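Student: Please take a close look at the ligand site. I would like its contacts and its surroundings in one connected account.

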Amino acid sequence: MNDQNPREHNERPVAMITGASSGIGAEFARRLAEKGYDLILVARREALLRELCNELENLYNISAEYIVAELTDPNDVNEIEEKLNESENLQILINNAGFGIRGAFHEVGLDIQTSMLKVHCLVPPRLTHIALNKMLKRNKGSIINVSSTAAFLVSPGNVIYCATKRFINSFTESLYLFLFDTDIKVQALCPGFTLTDFHTKLGIDPRTMNVNWMSSKDVVKNSLKCLEKGKVICIPGFKNKLMCFVMKIIPRRVLYRIIIKHNKRRNKSD
Ligand SMILES: NC(=O)c1ccc[n+]([C@@H]2O[C@H](COP(=O)([O-])OP(=O)(O)OC[C@H]3O[C@@H](n4cnc5c(N)ncnc54)[C@H](OP(=O)(O)O)[C@@H]3O)[C@@H](O)[C@H]2O)c1
């Protein structure tokens, strides 16, 4: 007779979240723990991961573990892949880890730009490959790839960033079409400016930027709502949606002129 409690460890759904030590990733961890998910959190800042795991285990009676990993290091990525492979009840994979770079393309070192290509474009497909094989066997699961409104933009100051985020959207939309007749959901989450550690890591004080900030809480709330509805491209916030829509319909020549003008004005005021 099976007299196990359904809330016991091995029956709970599992979510793996990369970049969970702060910002949007940490907020996903909070919301999924609240919903009763066991967590596998990945990032480099161990103290933050440990603290978050302890907090969520105590608050929600779930199991939370972490992997300290540098996503540009193949050995660390292997460790994550092994964990993913072992995970019996994987329901959600969130490829969220990411970062920005400041400076002109030709001036910024190639090492950091190559790291961005690895973190944004190499690791998500690798983890998705493993997750999808597991999910397809059960015809159940969700994959969220955290992109950006930058996926709809071209920007002289963010050459590689915009390109990597467009890759994420294209990758996710193609998967969506492939998975259309299954119960597996995929989403490219495209937040606009969000108050997290992202800009402070670049040495920018968010208070000095006159933009339309959203909170991680609102971004994640939007993403989970989009997931329920099965929306593949999720853009949180009305202003961000409008901006992406305009980017899609505006003639390229007009767009280039606006961006060049804006850039000249910004360079003058810097
Ligand atoms: N904030 C925004 O305005 C904004 C807008 C659009 C899209 N996004 C996207 O949202 C995602 C989350 O960023 P966030 O805004 O929440 O910023 P954040 O607070 O800086 O979080 C980024 C996360 O990624 C992890 N990470 C970065 N590089 C890593 C690496 N090489 N190896 C392992 N982990 C790494 C960081 O962990 P450790 O530092 O502990 O390793 C951290 O947990 C990113 O993909 C970003 O591009 C952000």
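Tutor: Start with Arg44: an N or O atom in its side chain is 2.6 Å from an oxygen atom of the ligand. A polar contact here is a pair of N or O atoms within 3.5 Å; within protein, one must be able to donate a hydrogen and the other to accept it, and residues adjacent in sequence count only if both atoms are side-chain atoms. This is a predicted model, in which local features need pLDDT of at least 70 and side-chain atom pairs pLDDT 80 or more, while totals for chains, interfaces and linings use all residues. Residues are numbered from 1 along each chain as its sequence is written, and side-chain values use heavy atoms, with hydrogens and water left out.

An N or O atom of the Ile24 backbone lies 2.8 Å from a ligand oxygen, and for a backbone N or O atom of Phe198 the distance to a ligand oxygen is 3.4 Å. Of the 880 Å² of accessible area that the ligand has on its own, the protein covers 98% (Shrake-Rupley method, 1.4 Å probe).

Helices H1 (23-34), H5 (159-178) and H6 (198-201) each give two or more residues to the shell around the ligand; H6 gives the most, with 3 residues. Helices are DSSP runs of H or I with at least four residues, numbered from the N terminus. In total, 31 residues surround the ligand, and Ser21, Ser22, Arg44, Tyr161 and Thr196 are the closest; a residue counts as near if one of its heavy atoms lies within 4 Å. By class, the shell has 13 nonpolar, 12 polar and 6 charged residues.

Methods:
Nonpolar A, V, L, I, M, F, W, Y, C, P; charged D, E, K, R; others polar.
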